[in-house]
Amino acid sequence: MVTLPEKQSQFITSESQISGKKIHHQIVIIGGGAAGVTSASLLLIQNPSLDIAIIEPAEKHYYQPGWTMVGGGVFQLQDTVRNEQDLIPQDVKWIKDYAVKLDPDNNRVLTKEGLQVEYDYLIVCPGIQINWHLIKGLKEAIGKNGVTSNYSSIYAPYTWELIKNFQGGNAIFTYPNTPIKCGGAPQKIMYMADDMFRKSGVRERTNVIYCTTTTKMFFVPEYSDVLDGVVAKRNIQVKFRCNLKEIKADSKEAIFDLTKDDETVEEITLKYDMIHVAPPQSAPDFIKESPLAIPNNPFGWVDVNKDTLQHNRYSNVFALGDASSLPTSKTAAAIRRQAPVLVENLLALITSQPLNNRYNGYTCCPLITGYNKLVMAEFDGYTFTPMSSFPFNPAKERWSMWVMKKNILPWVYWNRMLKGQQFEGDYIKFMQWKKQK
């Protein structure tokens, strides 16, 4: 057993301690990622006497929005990681284990090591499940011979190796036929790669190809129009309604289904010299198989009210983040707006008050369109209406928003969001922090 600092050991639970036991906590949070840590911090700020436990198996916590920057050679992977024990609030019990079964009828969670965790209230936010196996041959091919993905910390550094050493040919970037976290990510790395190909002098002998199952470049028309202009200017080939179904590593071929009205109308084969794959995604299997999932939904999202974030059938259960059914883009920015709503409504429920707080669907996808260029795509994910936190038109490439993505947003994440603190008006503190570095 690893010896940890004394202040941390009080809320670390080892495998030898938990097998076969039952424990109870007032509030149990499944997931120690952005949503779980932020929610726990906000709850304790509101009421320090709350009894909270987080079920989270990982010892490392990643700033996943930074993986595109790792794939583009801007960040090192170590820039995106911290120790989980340093982020979970000290007064929160950390159950270092996997949740494997949900029993909401008995207010209970079963862990992999056999611990039964009983609760009064449950917050479900385990993140999203990456389903590599749904693309034939991908699991065997990923991470070598030109096949990569920024949707894993394991492979994001390999993306940069491919881009900087690319000698020409077909560079393919894909978007799957499922919802995914950060829907703009497959394009972001494509634009950075295109920039690097031009810088290294190989663009003239390179075909950059974007294969997407969607029918437009982005869900919000105003931002989609901007991206239409970007791909046209850069001479990037776009293939809509094009779903990757197989990687043939031996021949370096990618097999796609072209679809119309959800029916396959043609199969096409594209040779690749490098391919960046955004894999199919869903809620984790233990949620899909539980009563908390949307009935008869193949993705298994936690079935919550889109306004209050309360479960539609189990009133003492809430969910936010990537595994929830909230019909908006799955981003860290969305979580930052969801968490305060969830916390206020949960506290209202505990004190038998009405749930008056509402989440308005806000999300943000910082669309990198090249090194030093970015469209800060803020929008209402429920109505696909642009929103902006800045006093200018958001539907435009800007250097200032690149600085925001590269320098400010990571600082906000580590130093404000996870601590349950707001960032508005806090630019001075950010600059002070930068000077200390």
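**Grounds for the labels**

Reply: Beyond its neighbours within four places in sequence, Ala319 touches Val124, Val302, Val304, Leu309, Ser324 and Leu342. The model is a predicted one.

Me: What makes these residues contacts of Ala319?

Reply: Contact requires heavy atoms within 4.5 Å. Val124, Val302, Val304, Leu309, Ser324 and Leu342 are in contact with Ala319 when neighbours within four places in sequence are left aside.

Me: Why is Ala319 called buried?

Reply: The relative accessible area of Ala319 is 0%, and buried means under 20%. Ala319 is therefore buried. This residue has its place in strand β19.

Me: Why is Gln129 called buried?

Reply: Gln129 has a relative accessible area of 18%, and the limit for buried is under 20%. Gln129 is therefore counted as buried. It is found in strand β9, residues 129-130.

Me: What makes the approach of Gln129 to the backbone nitrogen of Asp285 a polar contact?

Reply: The side chain of Gln129 reaches that nitrogen at 3.0 Å, and a polar contact calls for N or O atoms within 3.5 Å. Asp285 is also among the contacts of Gln129, together with Pro280, Gln281, Ser282, Ala283, Pro284 and Lys288, leaving aside neighbours within four places in sequence.

Me: Why is the pair Lys288 and Asp285 called a salt bridge?

Reply: The closest N and O atoms of Lys288 and Asp285 are 3.5 Å apart, and the criterion is within 4 Å; the pair therefore forms a salt bridge. Both residues belong to helix α9, residues 285-288, where they are three residues apart and so separated by about one helical turn.

Me: Are Lys288 and Asp285 buried, partly exposed or exposed?

Reply: Lys288 has a relative accessible area of 30% and Asp285 one of 37%. Partly exposed lies between the limits of under 20% for buried and over 50% for exposed. Lys288 is therefore partly exposed, and so is Asp285.

Me: How do you know that Arg234 and Asp195 meet in a salt bridge?

Reply: Their N to O distance is 2.9 Å, and the cut-off is within 4 Å. Arg234 lies in helix α8 (residues 221-234) and Asp195 in helix α7 (residues 185-200), so the pair ties together parts that are 39 residues apart in sequence. Arg234 is buried at 4% relative accessibility, and Asp195 is buried at 18%. Both residues take part in a network of salt bridges that also links Asp194, Arg198 and Arg203. The structure holds 13 salt bridges.

Me: What makes the pair Arg313 and Asp303 a salt bridge?

Reply: The side chains meet at 3.4 Å, N to O, against a limit of within 4 Å. This pair links distant parts of the chain, 10 residues apart, with Arg313 and Asp303 both in the loop between α9 and β19 (317-319). Arg313 is partly exposed at 41% relative accessibility, whereas Asp303 is buried at 13%.

Me: How do you know that the charge of Lys96 sits over the ring of Trp94?

Reply: Lys96 lies over the face of Trp94 at 5.7 Å from the ring centre, and the distance limit is within 6 Å. The charged end of Arg82 likewise sits over the ring of Trp414, 4.2 Å from its centre.

Me: Why is strand β14 described as mostly covered?

Reply: Five of the seven residues of β14 (residues 242-248) are buried.

Me: How do you know that β14 and β15 pair?

Reply: Pairing needs at least two bridges, and β14 and β15 (residues 253-260) are joined in the antiparallel sense over six bridges. Ile247 stands opposite Ala254 in β15. The two strands form a hairpin with four residues between them, and Lys252 in the turn has a positive phi of about 55 degrees.

Terms used
Residues are numbered from 1 along each chain as its sequence is written. This is a predicted model: local features need pLDDT of at least 70, side-chain atom pairs count only at pLDDT 80 or more; totals for chains, interfaces and linings use all residues. Side-chain values use heavy atoms; hydrogens and water are left out. Buried means under 20% relative accessible area, exposed over 50%, partly exposed in between (1.4 Å probe, protein chains only). A polar contact is a pair of N or O atoms within 3.5 Å; within protein, one must be able to donate a hydrogen and the other to accept it, and residues adjacent in sequence count only if both atoms are side-chain atoms. A charge sits over a ring if NZ of Lys or CZ of Arg is within 6 Å of the ring centre and within 35 degrees of the ring normal.
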